[in-house]
Amino acid sequence: IQNNLLYLALTNLDAASYQVLYQLKILTTAIFSATMLRRRFSATKWASLVVLTCGVAIVEISGSSNNDTSENKDQNRFVGLVAVLSAACTSGFSGVYFEK
């Protein structure tokens, strides 16, 4: 499933957006690790995750304001976004599940 989601994301996003968005797997892994394994993270680590998320949001917002004004492009970008976020969630969950 994860490989299919990554393929779908890569076909609907440019390579830079794909790479930056897929870094959210670090955030999802931390969240699943905190909830499923009851791990405690320091405030510095949580702050780092917030900075990572803000960086991803900035890149995504700046990428969506390009000259792609056609509705088809926006829909494909949305499909790619959902696919890469789903892949990041499945990656984080599977990593923590097998660690448990």
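Tyr 18 touches Leu 6, Ala 9, Leu 10, Leu 13 and Val 84, leaving aside residues up to four places away in sequence. A contact here means heavy atoms within 4.5 Å. The structure is a predicted model, in which local features need pLDDT of at least 70, side-chain atom pairs count only at pLDDT 80 or more, and totals for chains, interfaces and linings use all residues. Residues are numbered from 1 along each chain as its sequence is written, and side-chain values use heavy atoms, without hydrogens or water.

Tyr 18 and Val 84 touch the most other members of the largest nonpolar core, which has 15 residues. Such a core is a set of buried Ala, Val, Leu, Ile, Met, Phe, Trp, Tyr and Cys residues joined through side-chain atoms within 4.5 Å. Buried means under 20% relative accessible area, exposed over 50%, and partly exposed in between (1.4 Å probe, protein chains only). Two or more core residues come from each of helices H1 (2–12), H2 (15–22), H3 (24–36), H4 (43–64) and H5 (71–99). Helices are DSSP runs of H or I with at least four residues, and strands are runs of E with at least two, numbered from the N terminus. The protein has five helices and zero strands.

Five aromatic pairs are found in the whole structure. Rings of Phe, Tyr and Trp (its six-membered ring) pair if their centres lie within 6.5 Å; planes under 30 degrees apart count as stacked, over 60 as edge-to-face, the rest as tilted. Tyr 18 and Tyr 22 are stacked, because their ring centres are 6.1 Å apart and their planes at 0°. Both are buried. Phe 93 and Tyr 97 are also stacked, at 5.8 Å and 20°. Phe 93 is partly exposed at 38% relative accessible area.
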